[in-house]
Amino acid sequence: MAQRVTKSVNGLHEDLAKVQINGNGVNGHSANSNGVKTNQRRKMDRKKSSPMMPTFMVSAPGKVIVFGEHAVVHGKAAIAAAISLRSYLLVTTLSKSKRTVTLTFPDIDFNHSWIIDDLPWSTFSHPSKKKYYYDLVTTLDEDLVAAVQPLVHDVSPDKPADIRKVHQNSAGSFLYMFLSLGSQSFPGCQYTLRSTIPIGAGLGSSATIAVCMAAALLLQLRTLSGPHPDQPAEEARLQVERINRWAFVYEMFIHGNPSGVDNTVSTQGKAVVFQRTDYSRPPSVRPLWDFPELPLLLVNTQTAKSTANEVAKVGRLRDTHPKLVESILDAIDQVTQSSAELIEHEDFDTENEEELRKVGELMTINHGLLVSLGVSHPRLERVRELVDHEGIGWTKLTGAGGGGCSITLLRPGVPRSKLDCLEQQLETEGYQKFETTLGGDGVGVLWPAVLKNGMDEDEEGGMEIDLENFLKAEGNEGVERLVGVHGGVGEREGWKFWRVEN
Ligand SMILES: Nc1ncnc2c1ncn2[C@@H]1O[C@H](COP(=O)(O)OP(=O)(O)OP(=O)(O)O)[C@@H](O)[C@H]1O
Ligand SMILES: C[C@@](O)(CCO)CC(=O)[O-]
């Protein structure tokens, strides 16, 4: 049941301060937020508030890779943009007596609890192993992976092997991050996730879970300040970087060898030119603040794939034909650099046919190079064939390939009737078309999980998003309505985002 809440929602920054005064800090970490002390005093003077952390929500966007997937794993550049499809994670703190941590992931039919005191804390907190929230972790520690294996092994014993593998991946990546960042004194809690992003379709679904989990844990540990409207961009960037670093750890567990582009664009939003030449150092990330509104058609082949498998496949091809594959990867890098030059140019105009054609040709070349790396799929080739045959635009796969999604840059002036025909044909053949906008916000927080103008409008209060109504929300539309997404541009009521732009 939806519940009315009569407390005023002053914004995340103050609420973080409020919880701290009551000595409910987890792990003894304290937020480095500006002005917290003054807020604390003011709040103490007013009234003592509940010591339990309120239920809150975090959210992160999926992404499309416009250029450079796979090559980016091998140190080349990629261009990726956030999309408006997102994952939402509801974090519910349990009463003190409940010493369990639960993952509830209904999209993959996964629900599992662990007793906090039974987790291998001593291994993770050993001085030779201990990691802190500010650390840069670029490889998984084999001993720590081994320490979570017995727990992972116990997950979903009765499920078919493929589903069990997905559940075990979720469990393993969560436990690795939870044990690395948390401590035995962590409060019992439940993490419930719902996503509007198709899974394994090349739209970065796993990275969004990674980003949501990293942000949630870091918020629970009070190691993040903000987001709040007066926060200097410099400070916001530091917070976002912290979330991104831990999201990468989560991604490493799911993927084995991720480049980090997915979690980076999901954390910071907008669009980026990303490159990681040295895995022991942070990647180079150049934001594209004014990413053009390219007229894109996003099509899901509805053929699921595993990013880990596709990445491993390219790795094997490179081992077998090192020189040849390196030159293909270099060619992809060239394509990415050329397209960055084009779209970053101050005169770039999406209405200009000639300029769009150049970007489109680069997409066609990029796709051809990905085909030669063996990561396309007949269902992706079919989209390309339909689009090419009708002269509708330029198509490439996006993400890991092997199924998943394609993007088509639409040629200007294509008659609506042609587009309708294509869309009809795609539907008949079992494809799914997505409407999404590129370049939106990155990770966001709804703290507490209350919408001021919920269904029961009231100046003082709002509508609490509780576990029950979050789980009951029907489909993507139901989830978006519940979490306060409005209108075609996806405006988000009550949500706050770290503003990293100057
Ligand atoms: N809604 C979800 N709920 C729970 N887990 C999810 C959800 N979406 C994705 N995952 C996790 O992410 C994995 C899919 O990741 P994968 O990288 O193969 O696909 P992707 O991230 O959608 O595509 P790409 O990496 O090509 O962009 C799933 O196996 C699961 O572990
Ligand atoms: C295929 C890949 O390049 C993109 C997946 O979205 C893998 C990665 O960068 O980690």
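1. Let me start with ligand 2: domain 1 (1-292 + 437-502) and domain 2 (293-346 + 353-434) both contribute residues to the shell around ligand 2, so it lies between them. The domain bounds used here come from an automatic or database domain assignment. Please keep in mind that this is a predicted model: local features need pLDDT of at least 70, side-chain atom pairs count only at pLDDT 80 or more, and totals for chains, interfaces and linings use all residues. Residues are numbered from 1 along each chain as its sequence is written, while chains are lettered from A and ligands numbered from 1 in the order in which they are written.

2. Staying with ligand 2, there are 15 residues around it, and Glu-69, Pro-258, Ser-259, Gly-399 and Ala-400 come nearest (a residue is near a molecule if its C-beta atom, placed from the backbone, lies within 6 Å of it). The elements giving two or more residues to this shell are α8 (261-268) and α9 (307-320); helices (H or I, at least four residues) and strands (E, at least two) are DSSP runs, numbered from the N terminus. By class, the shell around ligand 2 holds 7 nonpolar, 6 polar and 2 charged residues. Here Ala, Val, Leu, Ile, Met, Phe, Trp, Tyr, Cys and Pro count as nonpolar, Asp, Glu, Lys and Arg as charged, and the others, Gly among them, as polar.

3. Ligand 1 has 25 residues around it, and those that come nearest are Asp-107, Ser-205, Ser-206, Thr-307 and Gly-399. Two or more residues of the shell come from each of α5 (161-181), β6 (189-195) and α6 (205-220), with α6 giving the most, 4 residues. The shell around ligand 1 divides into 11 nonpolar, 12 polar and 2 charged residues. Domain 1 and domain 2 each supply at least three residues to the shell around ligand 1.

4. How many residues does each domain bring to the contact between domain 1 and domain 2? The protein is divided into these two domains, and their contact takes 27 residues from domain 1 and 33 residues from domain 2 (two residues are in contact if their C-beta atoms, placed from the backbone, lie within 7 Å). On the domain 1 side, β2 (56-67) and β3 (78-93) each supply at least two residues, and β2 has the largest share, 3 residues. That side of domain 1 divides into 16 nonpolar, 9 polar and 2 charged residues.

5. The packing of α5 on α7 (residues 233-255) is worth a look in your viewer. These helices pack at an angle of about 145 degrees, with their axes 8 Å apart; axes are lines fitted to C-alpha atoms, for helices over the stretch in contact, and angles run from 0 to 180 degrees between N-to-C directions. From α5, Asn-169, Gly-172, Ser-173, Tyr-176, Met-177 and Leu-181 meet Trp-246, Val-249, Tyr-250, Phe-253 and Ile-254 of α7. The residues of this contact divide into 8 nonpolar, 3 polar and no charged.

6. In the model, residues 182-266 are 53% helix and 8% strand, with end C-alpha atoms 23 Å apart. For residues 356-412, the end C-alpha atoms lie 8 Å apart, and the span is 53% helix and 21% strand.

7. Two backbone details to check. The peptide bond from Trp-447 to Pro-448 is cis, with omega near -10 degrees, and Pro-448 lies in the loop between β13 (444-446) and β14 (450-451). Ser-156, found in the loop between α4 (142-153) and α5, has a phi near 45 degrees, a positive value in a residue other than glycine.
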